[in-house]
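The coordinates come from a predicted model.

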Amino acid sequence: MSEQSGTNEAIVRVRSGPLVGAVLGRVVGMLAARAQCPIDRLDDAILLTDAVAAHAPVHALDNHVHVVVAADDEYLELRVGDLRPAGGRRLLADGDLPGVGNVFDRVADDVQAGPAPGGDSDELILRLNFRT
Amino acid sequence: MTEIAESPRVGTETPDLEIILPARAENVAVVRHAVGGLGEVLDVDDQTLSDIKLAVTEACTNVVVHAYPDGVGPMGLRATVDDRRLDLVVIDRGRGIVPRADSPGLGLGLPLIATLAESLELGTGRDEETEVRMVFDLGLPAGGEELDA
């Protein structure tokens with residue numbers, strides 16, 4: 001268990017399967033609400049969470065999905081970690097919807113995929129700003 | 001009958017769910033809500049789920065109130081499901097479970113958890129974390145499919 005900073009941040013690690021969406025959606029929803037997230041952005045956050053829950057297990061290093069959810073007054077960030085090499089980009093690509101585009105790119109204000117610090121795994125970072 | 005034990009424990013299993021947050025009052029509700037999601041997927045009946053959420057709320061509240069007298073530290077929940085038995089461990093890196101003459105509470109939290117859970121253990125986990133370990137019998141699914149855990 002690592003020490004936490006002042007930012008409200010939840011480290012969530014869930015066994016792949018139906019638990020991922022059920023738990024992650026609730027944690028993201030609660031943290032976003034506590035951070036005074038506008039209702040339209042809350043909807044966006046849940047949409048991103050559902051997409052992560054649907055696709056991340058395929059790219060996870062083990063049988064668990066690892067997400068760090070951080071929120072404050074201005075943003076909500078999902079850091080999907082412990083992904084296989086190139087898993088960040090592959091997870092991002094899984095968000096492509098025919099006729100719509102990429103759900104991650106369209107909904108999140110900032111999207112970054114690539115090796116995680118340390119280089120042992122990949123990650124996908126999705127950030128939603130509350131004020132534009 | 002509920003058993004209360006105090007013993008050192010080294011956790012080696014990989015939990016089905018692990019959440020770590022700052023030990024703040026508002027985050028007790030986050031953990032409680034996550035446990036609600038767990039209960040939904042496991043198809044736990046309402047009464048049992050209510051007991052589980054109450055026990056987790058009490059354990060997390062103890063962390064917020066007692067674990068870090070000089071500030072905020074981490075608060076965690078680990079959940080493992082095995083054959084309709086739910087093993088929940090609330091963890092912190094605070095000062096441990098010690099008597100407090102100046103306690104702001106009534107001292108009913110742990111006895112309440114002991115009443116609600118099938119078993120309760122207080123101990124020290126990996127990395128010297130303080131652990132409150134609760135086991136619940138989930139009974140038969142309330143209806144629908146069982147989690148393939």
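Across the interface of chain B and chain A, six residue pairs are found in polar contact, with both residues of each pair at pLDDT 80 or more. On the side of chain B that touches chain A, the elements that contribute two or more residues are β2 (17-22), α1 (25-42), β3 (74-82) and β4 (85-92) of chain B. Of these, α1(B) gives the most, with eleven residues. Sorted by class, this side of chain B holds 15 nonpolar, six polar and ten charged residues.

The extent of the interface can be described in two ways. Counted by residues, 31 residues of chain B are in contact with 25 residues of chain A. The size of an interface is often given as the accessible area lost when the parts come together. Here the area buried between chain B and chain A is about 2,400 Å², and carbon and sulfur atoms give 64% of that area. Two salt bridges are also found across the interface of chain B and chain A, and the side chains of B:E40 and A:R26 meet in a salt bridge with an N to O distance of 2.8 Å.

Most residues other than glycine have a negative phi, and most peptide bonds are trans. A:D82, although not a glycine, has a positive phi of about 55 degrees, and B:D43, also not a glycine, has a positive phi of about 60 degrees. A:D82 is found in strand β3 (residues 75-83) of chain A, whereas B:D43 is found in the loop between α1 and α2 (46-67) of chain B. With a relative accessible area of 26%, A:D82 is partly exposed, while B:D43, at 12% relative accessibility, falls under the 20% limit and so counts as buried.

Note on methods:
Residues are numbered from 1 along each chain as its sequence is written. Chains are lettered from A and ligands numbered from 1 in the order in which they are written. This is a predicted model: local features need pLDDT of at least 70, side-chain atom pairs count only at pLDDT 80 or more; totals for chains, interfaces and linings use all residues. Side-chain values use heavy atoms; hydrogens and water are left out. Contact means heavy atoms within 4.5 Å. Buried area is the accessible area (1.4 Å probe) that two parts lose on being put together, summed over both. A salt bridge is a side-chain nitrogen of Lys or Arg within 4 Å of a carboxyl oxygen of Asp or Glu. A polar contact is a pair of N or O atoms within 3.5 Å; within protein, one must be able to donate a hydrogen and the other to accept it, and residues adjacent in sequence count only if both atoms are side-chain atoms. Helices (H or I, at least four residues) and strands (E, at least two) are DSSP runs, numbered from the N terminus. Ala, Val, Leu, Ile, Met, Phe, Trp, Tyr, Cys and Pro count as nonpolar, Asp, Glu, Lys and Arg as charged, and the others, Gly among them, as polar. Buried means under 20% relative accessible area, exposed over 50%, partly exposed in between (1.4 Å probe, protein chains only).
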